[in-house]
Amino acid sequence: MKRNRRISAVAVLALAALVTGTGAGFAATTTPSATPVATHAFDTAPATATATAPPRSFQGTLPAPTGPYAAGEDVIHLTDASRPDPWVPSSGPRQLTVTMVYPAVPGTGTPAPYMTLAEAAGSIQHRKLPASSGVTPQNLSSVTTHAFDGARPQRGKYPLVVLSPAYEDPRMVLTSLATDLASHGYVVALVGHTFEDSGETLANGQTPPCAICDDPARLDFDSVAASRALDVSFVIDQLTHGNTAWRLAHLIDKHEIGMAGHSLGGAAAAATMIADPRVLAGVNMDGAFHPAPMPGQINRPFLMLGAAANHPAGGDDTTWGQTWAALGGYKKWLTVAGADHFSFSDLDLLLEEAGFPTPPLSPERGVVITREYVTAFFDQTLKGIHSPLLDGPSPNNPEVLFQY
């Protein structure tokens with residue numbers, strides 16, 4: 001059952017309540033409902049927060065990565081000639097835009113933009129941000145990412161981690177996690193799921209808007225998660241068979257592959273693991289499962305990391321309880337006190353930098369916690385490096401609750 005979730009009394013004034021049952025972040029009415037009734041948390045924030053304030057000048061900066069390597073970045077475009085686009089068949093074969101982030105030599109390359117101008121314009125339009133917010137395509141696209149185009153790669157081979165964003169969110173909102181993983185010795189593929197968000201700039205230069213966002217109450221999210229699993233398996237195929245898809249594919253250890261996703265992207269991580277045995281470890285960040293796996297379908301490591309208000313053990317998101325019981329491998333169920341649905345992506349941090357209310361957990365802490373626990377999980381499951389962080393509660397992270 002989908003349900004409303006409150007952030008805090010102050011944040012509700014600007015962001016409304018959030019539901020995560022669909023795997024996406026939605027602004028909702030205050031009347032409990034089985035379905036989301038609006039679009040995204042950004043939708044109502046600017047109008048309320050800036051109604052009487054002077055125009056702002058937004059300058060966004062993501063936290064610097066914490067590992068020993070720099071983060072290099074390439075954007076690649078892939079076409080699956082064997083599969084028509086599931087949402088707009090008239091557009092032809094399925095086209096995907098993927099940001100590759102990799103361990104790089106510090107001091108090489110040029111600063112990478114957060115997104116293209118067209119992607120930024122699409123995001124602003126989709127979120128209904130007014131001019132008074134101070135957020136423009138120019139300054140949104142130029143958010144400081146700490147990733148570098150054309151940076152010289154570090155030598156060696158590294159595990160591949162695929163990242164999938166929330167429904168309606170473009171791939172870039174997981175950039176802070178991607179750059180940190182790369183700095184700790186991972187190649188990261190940030191997958192943009194075309195026609196499922198505010199816009200991904202394709203190889204032909206077009207940036208099509210969302211084709212399935214108008215009526216989420218009627219959308220079959222099981223089908224969307226399954227479609228994303230096909231996207232991800234195709235991306236893995238392209239990245240592990242030679243280097244024609246990406247010039248640096250030789251960096252990938254094709255025997256060590258993991259996947260993490262936020263919201264619906266987390267459901268897609270589970271769906272991908274069920275369909276593709278190459279994915280050895282998965283993470284769902286604050287998303288319901290679509291559908292919950294059945295016993296025996298996932299016997300590999302899986303991390304469930306969510307907001308404490310959304311996913312307590314014994315709570316009313318039954319998909320987490322069903323999934324926990326079905327998982328057969330190494331597994332952890334962690335929740336974060338004071339977090340909201342967007343604490344696990346870049347969105348709360350960007351909201352804060354734009355002057356809007358945020359949840360009780362500071363966005364900076366949300367980024368730190370997400371990075372530390374996701375990296376620790378992949379270190380343990382893909383690299384075989386034991387992390388005490390996963391053994392139990394930590395005094396350095398008192399917000400993180402071990403449900404099981």
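Here is a short chat about reading the strands, helices and rings of this predicted model.

Colleague: What should I know before I start?

Modeller: It's a predicted model, so local features need pLDDT of at least 70 and side-chain atom pairs count only at pLDDT 80 or more, while totals for chains, interfaces and linings use all residues. Residues are numbered from 1 along each chain as its sequence is written, and side-chain values use heavy atoms, with hydrogens and water left out.

Colleague: How many helices and strands does the protein chain have?

Modeller: Helices (H or I, at least four residues) and strands (E, at least two) are DSSP runs, numbered from the N terminus. Here you get 10 helices and 13 strands.

Colleague: And how do I read a sheet?

Modeller: Strands of a sheet pair through backbone hydrogen bonds, either parallel or antiparallel. Two strands count as paired if DSSP finds at least two bridges between them. In this model, 11 strands form an open sheet with mixed pairing, in the order S5-S6-S3-S4-S8-S7-S9-S10-S11-S12-S13. Its edge strands are S5 (110–111) and S13 (400–402), each pairing on one side only.

Colleague: Which strands does S10 pair with?

Modeller: S9 (residues 252–262) pairs with S10 in the parallel sense over six bridges, and Gly 258 sits opposite Ala 281 in S10. S11 (residues 302–307) also runs parallel to S10, joined by four bridges; there, Met 285 has Leu 305 as its bridge partner. For the antiparallel case, look at S4 (residues 93–104) and S8 (residues 187–192), joined by five bridges.

Colleague: Is S10 (residues 279–285) mostly covered or exposed?

Modeller: Buried means under 20% relative accessible area, exposed over 50%, and partly exposed in between (1.4 Å probe, protein chains only). S10 is mostly covered, with six of its seven residues buried. Across the 404 residues of the protein chain, 60% count as buried.

Colleague: What about aromatic rings?

Modeller: Rings of Phe, Tyr and Trp (its six-membered ring) pair if their centres lie within 6.5 Å; planes under 30 degrees apart are stacked, over 60 edge-to-face, and the rest tilted. The structure holds 12 aromatic pairs. Take Tyr 167 and Phe 221: their ring centres are 5.1 Å apart and their planes stand at 90°, so the pair is edge-to-face. This pair links distant parts of the chain, with Tyr 167 in the loop between S7 and helix H5 (175–183) and Phe 221 in helix H6, 54 residues apart. Both residues are buried.

Colleague: Which residues do ring pairs link into a cluster?

Modeller: Phe 289, Phe 302, Trp 320, Trp 324, Trp 333 and Tyr 404.
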